[in-house]
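Trainee: Please take me through this model one question at a time, and let each answer close on the thing that was asked.

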Amino acid sequence: MRGLKLPLNQTQRIRLQRAFEKLQTLSAKANSDASVTVADSIQVNYEDAFLKGHGTTDLNGELVATVCGVVERVNKLVYVRGLRARYKPEVGDIVVGRIVEVAQKRWRLEINFTQDAVLMLSSMNMPDGIQRRRTALDELNMRSIFEENDVVCAEVRNFQHDGSLQLQARSQKYGKLEKGQLLIIDPYLVKKSKQHFHHLEQFGVDLILGRNGFIWVGEHVEVRDSMIIDQANSAEQSAVPEEKNPAYTSLEMRQHICRIANAIRVLSTLGFIMDAELIMQTVELSSSLNLNIHDMLGSEFHVLVAEREAERRSLMSKRKR
Amino acid sequence: MVGLSAGEKHFIQGGIAQDLRSDGRKRLTYRSIYVETGVIPQAHGSARVRLGATDVIASVKAELGRPSGLQPDKGKIAIFVDCSPTAAPMFEGRGGEELSTELSVALQRCLLGGKSGAGAGIDPASLVVVEGKVCWDLYIDGLVISSDGNLLDALAAAIKAALSNTGIPKVDVAAETTGDEQPEVNISDEEFLQFDTSGIPVIVTLTKVGRHYIVDATSEEESQMSSAVSISINRKGHICGLTKRGGAGLDPSIILDMISVAKHVSEQLLNKLDSEIAAAEASDEES
């Protein structure tokens with residue numbers, strides 16, 4: 001596929017090519033000539049009514065691509081998806097973002113979109129859990145909730161008239177993410193699914209697949225219902241921030257986190273669609289081979305994962321028939 | 001550079017303290033090095049080195065010139081590094097100039113030795129053609145295409161690879177000429193002399209985060225550093241150059257400890273680099 005920055009020796013290159021060819025034949029579905037560059041003509045049955053989408057144009061009666069990318073067909077719509085495109089948000093998407101600015105009554109987040117997304121103070125639960133009007137004091141204390149450079153998980157609420165995005169983080173499962181690492185991959189690799197929050201019990205790790213390509217892998221944090229917090233607990237909580245150096249994550253947990261993170265890196269280099277199941281399988285493959293965590297980023301493991309995926313998909317397609 | 005939240009910084013520091021970094025590496029493990037030689041056909045030698053997401057290119061051009069009056073039996077070598085604005089947002093416009101100068105000076109110190117030319121990693125005496133009259137001027141240029149930490153190590157590796165890829169054209173000097181006249185030289189297009197790169201050192205940068213030091217830091221880890229020491233070591237285990245960055249003070253015993261750690265790491269690095277360069281040259285000849 002695109003130039004993998006991996007030192008592959010001859011046999012590895014051949015194996016990888018074979019795996020990719022197998023995957024391509026399996027996903028045929030009239031998409032065999034899917035990748036196009038600028039001015040390539042797109043294969044369409046001109047008698048059927050079709051809609052020209054983004055990245056296409058009518059040139060001398062022929063449908064021609066205007067960007068380099070992959071042709072996608074959805075019912076009658078034909079469009080070209082660019083390869084390094086920014087995230088395309090939809091209402092209700094779960095996204096992970098980084099705070100870039102604390103402004104008046106709102107936070108601005110970077111979410112790999114053309115503009116910064118906005119999280120209003122009113123769309124955020126107050127730390128004490130009480131539903132009330134936000135006062136001027138709340139506005140001044142915004143930094144105690146989120147500061148610059150914090151990683152936050154939220155949901156897309158709506159689009160504003162100028163095209164920018166509004167987010168909301170009302171539920172307890174949204175909010176600040178700590179104790180872990182953030183990975184950045186291409187947005188098109190994360191497809192919309194029923195669940196984006198995954199709690200991997202056997203590892204005790206939280207995995208959040210943001211649809212904007214930001215993936216969070218971190219220690220599991222219990223979702224607390226703030227309404228139940230009583231006086232005793234709140235006194236406890238106010239004492240905790242005074243601790244200067246909270247303990248580091250345990251080594252075992254850290255190993256799990258790094259293994260999962262590397263699995264995600266491998267899958268994104270190979271260009272496979274991310275979902276929790278595939279990530280878990282990759283992690284299990286690496287543990288079954290007793291691979292050193294860092295060796296997961298080596299070329300041999302990449303080739304193995306590609307071959308495994310090709311086999312898995314061919315099995316699935318055989319079952320379907 | 002993108003900022004990091006307090007939680008992420010804590011995670012990185014914890015990883016370094018527990019000897020398990022964010023991508024699973026140990027404190028003294030390098031990322032996989034990927035070397036390609038001959039990437040710039042117009043230059044006499046070139047190489048591209050990828051260290052994780054850090055991507056640098058080094059090129060070597062040789063021109064005939066006059067040796068300086070003070071050292072008539074030595075050629076001249078100049079090393080310059082340029083940080084391309086596409087490497088990182090902070091390099092936009094003139095932002096990369098400070099870093100470029102810093103890298104150039106560090107590389108010059110490590111590879112070129114003192115003012116008199118003594119103790120250089122690259123032997124300038126091998127560049128002279130006619131003593132006092134004609135010598136080769138080597139211009140070594142480094143370009144940073146993508147920056148993800150540890151630029152100095154990557155650049156030193158790229159320069160080593162580029163020099164091993166360099167072919168200096170053979171020069172035929174015309175017969176004896178009198179005192180001040182410039183001898184006629186005939187530059188051959190066919191025959192090339194390979195450079196001897198066994199004496200060229202590599203640079204190992206040790207970044208101190210908290211109480212431990214790591215090798216080959218990514219830019220996230222570099223943002224957490226208190227200080228960094230770059231040590232240039234050659235095959236014999238001798239130190240060819242030493243640079244310290246960062247404002248925090250270091251106890252002298254720590255520096256001595258860092259030097260011994262760097263010596264140990266440099267052996268593995270030299271072997272790995274030599275094998276990668278050999279592999280790159282071999283595949284370069286095939287294609």
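Trainee: Where in chain A is the place of N112(A)?
Mentor: Elements are DSSP runs numbered from the N terminus, with helices (H or I) of at least four residues and strands (E) of at least two. On that basis, N112(A) belongs to the loop between strand 8 (106–110) and strand 9 (117–124) of chain A.

Trainee: What kind of model is this?
Mentor: Residues are numbered from 1 along each chain as its sequence is written, while chains are lettered from A and ligands numbered from 1 in the order in which they are written. Side-chain values use heavy atoms, without hydrogens or water, and local features need pLDDT of at least 70, side-chain atom pairs count only at pLDDT 80 or more, and totals for chains, interfaces and linings use all residues, since this is a predicted model.

Trainee: Is N112(A) buried or exposed?
Mentor: Its phi is positive, about 65°, although N112(A) is not a glycine. Most residues other than glycine have a negative phi. Buried means under 20% relative accessible area, exposed over 50%, and partly exposed in between (1.4 Å probe, protein chains only). With a relative accessibility of 16%, N112(A) therefore counts as buried.

Trainee: And N60(A), what is its relative accessible area?
Mentor: N60(A) sits in the loop between strand 3 (56–59) and strand 4 (62–65) of chain A, and its phi, near 55°, is again positive in a residue other than glycine. N60(A) is exposed, its relative accessible area being 79%.

Trainee: Which elements of chain A pack against the buried residues of helix 6?
Mentor: Helix 6 (residues 276–288) of chain A has 13 residues and reaches 18 Å from its first C-alpha to its last, close to the 18 Å expected at 1.5 Å a residue, where the expected span is 1.5 Å times one less than the number of residues. Its buried residues are A276(A), L278(A), I279(A), M280(A), T282(A), V283(A), L285(A) and S286(A), and just after the helix N290(A) takes a positive phi of about 55°. Packed against those buried residues are strand 14 (197–200), strand 15 (205–209), helix 5 (251–270) and helix 7 of chain A.

Trainee: Which residues is S299(A) in contact with, leaving aside its neighbours within four places in sequence?
Mentor: S299(A) lies in helix 7 (residues 299–320) of chain A and is buried, with a relative accessible area of 12%. Contact means heavy atoms within 4.5 Å. Apart from those sequence neighbours, S299(A) is in contact with L6(A), P7(A), L8(A) and Q12(A).

Trainee: In chain A, what share of contacts between residues at least 6 apart in sequence joins residues at least 24 apart?
Mentor: The chain comes to 7 helices and 16 strands, and of its 321 residues 43% count as buried. Among contacts in chain A between residues at least 6 apart in sequence, the share that joins residues at least 24 apart is 64%.

Trainee: Turning to chain B, how many nonpolar residues does the contact of helix 2 with helix 3 have?
Mentor: Helix 2 (residues 97–112) and helix 3 (residues 151–165) of chain B pack at an angle of about 55°, with their axes 11 Å apart; axes are lines fitted to C-alpha atoms, for helices over the stretch in contact, and angles run from 0 to 180 degrees between N-to-C directions. From helix 2 of chain B, L99(B), L103(B), A106(B), L107(B) and L111(B) meet L151(B), L152(B), L155(B), A156(B) and I159(B) in helix 3 of chain B. The contact of helix 2 of chain B with helix 3 of chain B has no polar and no charged residues, and its nonpolar residues number 10.

Trainee: What is the C-alpha to C-alpha distance between L4(B) and S223(B)?
Mentor: L4(B) is found in the segment before helix 1 (6–17) of chain B, and at 7% relative accessibility L4(B) counts as buried. Not counting residues up to four places away in sequence, L4(B) touches R98(A), N149(A), K9(B), I12(B), E220(B), S223(B) and Q224(B). L4(B) and S223(B) are 219 residues apart in sequence, and their C-alpha to C-alpha distance is 8.8 Å.

Trainee: How far apart in space are D137(B) and K160(B), C-alpha to C-alpha?
Mentor: D137(B) lies in strand 6 (residues 134–146) of chain B and counts as buried at 9% relative accessibility. Leaving aside its neighbours within four places in sequence, D137(B) is in contact with K61(B), A62(B), E63(B), G65(B) and K76(B). From D137(B) to K160(B), which are 23 residues apart in sequence, the C-alpha to C-alpha distance is 17 Å.

Methods
Ala, Val, Leu, Ile, Met, Phe, Trp, Tyr, Cys and Pro count as nonpolar, Asp, Glu, Lys and Arg as charged, and the others, Gly among them, as polar.
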